[in-house]
Amino acid sequence: MASPLQFAYRTQTAIGVFDAAPVYEALPGFVKPQGNLRCCVYSPCGRYFAYATNDGISVVDASVGHVLTSLPLPMVYEISFSPGGTYMSTWERPAKDENGDATKNVKVWRTIEDVPEGQEKQPLGKFVYKNMSGWNLQYTADEKFCARLVTNEVQFYNSNDLSAPWNRLRAEGVTDFAIAPGKSQNVAVFIPERKGQPAAVKVYNVPQFSSPISQKTFFKGDKVQLKWNALGTNLIVLAQTEVDKSNKSYYGETNMYLLSANGSFDARITLDKEGPIHDVSWSPNSKEFGVIYGYMPAKTTIFNHRAVPTHSFPLGPRNTIIFSPTGRFALVAGFGNLAGQIDVYDLEKDNRKVTTIESGNPSVCQWSPDSRYIMTATTSPRLRVDNGVKLWHVGGGIVYNEDFNELYNVMWRPAAADALPAGDPLHPVPTPHPSALKYLGTVKTPSKPVGAYRPPGARGSSTPLHFKREDEGGAAHTVSNGVPQIGPNGFGRPRNQIPGAESTRPAGIPGAIAADGGDLSKAAAKNKKKRNKKAKEGEGNATDAPGSEGGLAPPPREYGNGSPAEGRSPERRNQGQGHSSQHRSQSRNNFNGRNRSNTHRARSQSRPGHFGQSAQQQQQPQGGSPLGGGDGAMTPAQSANAKKIRSLQKKIRAIEDLEMRHAGGEKLEDTQVKKIATKPSVMKELEALEREQ
């Protein structure tokens, strides 16, 4: 007994037609072709099966496997059928004739045609089409008309006469079109943005092309997917840009619109989760559709035909939604770079989850025509290992498995719903094939659940919310929207912040350094602590320090906020301890040795309240002399000289820093070299001012 379910496959060396449940055997009357096999396809009606080899094209009766007709076309790479299987189109590799003109590589044939003996079968029409995508003609559901896209227009033909266009739909800049299924003979065309004008999708009724019956204009639409429902009454437009100007995605920005064919409704579909639109699919009942959208974990929502959400499934890593042919079940899966999990929901039983299937890494996933089985397959060239076909029952169990060496394509044979046996797809559960039991015996079940690595200190405790995905109760995914983050000093990247830890920045001042040094690195905080300790010791021993003048000891040298050494690594600041120590000692011999006491005295005179002051200076009465030995305050001339001394000291510190960098092997700019050459003159000027002071 032949099975009502059938699928075909193409490998590197063979094409096979296989009867599925309950027999699970190859179609008896089909002879497997050998050699270089380029493509195979079923007709949408399920009556015919065609494949292409180096010898030509063969059309087979899908029920019994007998060859019905053949065409001597050795260079065919693609085959397509009209909705009823009456017409067949072929695409050959582009070539040029003797005159250098492109040959007509797209040919349209009548699938079954009586040809007098001794004559060759002739095509109904020939066209030139270089691209391998979008090459085939689009037919109306009754196969009365067909259409193809050319520059700035869509040409319509009578299906049985392709010698000349029957009508033309002129649309400047049109790049895509889609004929509606069902009895309504409508066609939608897409015109991208041009010269500042928005993109547009327009719906016309064939053949009344004078004015559209429905249209929608929008920006951010470089290319679109036009998805009609099964009745041809509503159209989903999935628009996408090549580049996302907000820098949120590498793959452009996506938006979705819904139009009714009669013009009574059009709207942009608003989604409540930020992120791209991964997939959208109509239900066979034409009354609802499903959308998967948002950053991972994505959200899956069912909308009615007026774009009103009716149900949302739990968040998860999913990017594919497929409705079963009967419309009762919905398959929500994560393929590609995701784990390959498939969730099956029963839409007629309160949208409850039926099962979750661990399918591995399939590249093909299809429902059987009776909605009882799900086919998954791993194919080449996406993956050249673990190629094979698996059939799963809708309840979750595997019923058949077959491995192949480089499987290229696999597909179910289409079948009408009334030609299939009725009954509940969930019951009874079919008996698995022995290949399925063998496969289950090779699947390794982990002894314990495998999770993310946890450091020893975090084991045995619950995972903080900061490390959980959104579907596990964690925080929602956020994008910086291209706005750069700033560091603690207003520039660069921010310092690393441990998730869950309290921020060390002062409240209300983003990017500022905390007053207690909490935003400093460990090394900087340690050095600051040492400097503060030395400063306190110096203040306590200032009056006992030998060589001090007026009870004042030279304050420890410390870089201010504006010094050239701020922000430099300790190795750069301490280069004098290495190979440049001799250079530093020579360059600072005069200034740091002979004039150190005068320099600090001038600094203490001109900068009261400076961080290098001793406790005695800070507690000095207002009327006392800043030098500790006089009765009067500093004169205006002395104040001006002190200001000049500070400026010259700053210059010398900058020059010394350049000298250390040069001694360390760093290449300096010409202006920096000239600045080093001015050091003797700056030193002389400083000595003169100090003598006057």
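Colleague: Where is Pro 207 found, and which residue does a cis peptide bond join to it?
Modeller: Keep in mind that this is a predicted model. Pro 207 sits in the loop between strand S18 (199-205) and strand S19 (214-218).

Colleague: S18 and S19 belong to an open sheet; which strands stand at its edges?
Modeller: Four strands make up this sheet, in the order S16-S17-S18-S19, with antiparallel pairing. Each edge strand has a single partner, so one side of it is left without a neighbour in the sheet. From one strand to the next, the twist averages 10°. The strands at the edges are S19 and strand S16 (176-179).

Colleague: How many bridges join S17 to S18?
Modeller: Strand S17 covers residues 186-191 and runs antiparallel to S18. As one example of how they face each other, Ile 191 stands opposite Ala 200 in S18. The number of bridges joining S17 to S18 is six.

Colleague: What phi does Ala 307 take?
Modeller: Most residues other than glycine have a negative phi. Ala 307, in the loop between strand S26 (298-304) and strand S27 (309-316), has a positive one instead. Its phi is near 65°.

Colleague: In the hairpin of S4 and S5, which residue takes a positive phi?
Modeller: Strand S4 (residues 39-42) and strand S5 (residues 48-52) run antiparallel and are joined by four bridges. Across this pair, Tyr 42 stands opposite Phe 49 in S5. The hairpin has five residues between its strands, and the one with a positive phi, near 85°, is Gly 46.

Colleague: What is the average twist in the sheet that holds S28?
Modeller: This open sheet has four strands in the order S28-S29-S30-S31, paired antiparallel. S28 and strand S31 (352-358) stand at the edges with a single partner strand each, so one side of each has no neighbour in the sheet. From one strand to the next, the twist averages 20°.

Colleague: Which residue in S29 stands opposite Phe 323?
Modeller: S28 and strand S29 (residues 329-333) run antiparallel, with four bridges joining them. Opposite Phe 323, the residue in S29 is Ala 330.

Colleague: How much space lies in the second largest pocket?
Modeller: Its lining has 18 residues, with Pro 44, Pro 284, Pro 325, Pro 414 and Ala 415 lying nearest the centre. Strand S8 (76-81), strand S28 (320-323) and strand S32 (364-367) are the elements that give two or more residues to this lining. By class, 13 of the lining residues are nonpolar, five are polar and none is charged. The space in this pocket is about 940 Å³.

Colleague: Over which stretches should I note a pLDDT below 50?
Modeller: The protein averages a pLDDT of 79, and 77% of the residues score at least 70. One stretch under 50 has 27 contacts beyond four places in sequence: residues 481-493. Another stretch below 50 has 105 contacts beyond near neighbours in sequence: residues 543-632.

Methods
Residues are numbered from 1 along each chain as its sequence is written. This is a predicted model: local features need pLDDT of at least 70, side-chain atom pairs count only at pLDDT 80 or more; totals for chains, interfaces and linings use all residues. Side-chain values use heavy atoms; hydrogens and water are left out. On a 1 Å grid over the protein atoms alone, a cavity is a set of points where a 1.4 Å probe fits but cannot get out, and a pocket is an open set with protein on both sides within 12 Å along at least five of seven lines; lining residues have an atom within 4 Å of a point. Grid points are joined across faces, edges and corners, and a volume is the space filled by probe spheres set on the points. Ala, Val, Leu, Ile, Met, Phe, Trp, Tyr, Cys and Pro count as nonpolar, Asp, Glu, Lys and Arg as charged, and the others, Gly among them, as polar. Two strands pair if DSSP finds at least two bridges between them. Axes are lines fitted to C-alpha atoms, for helices over the stretch in contact, and angles run from 0 to 180 degrees between N-to-C directions. pLDDT is the predictor's confidence in each residue, from 0 to 100. Contact means heavy atoms within 4.5 Å.
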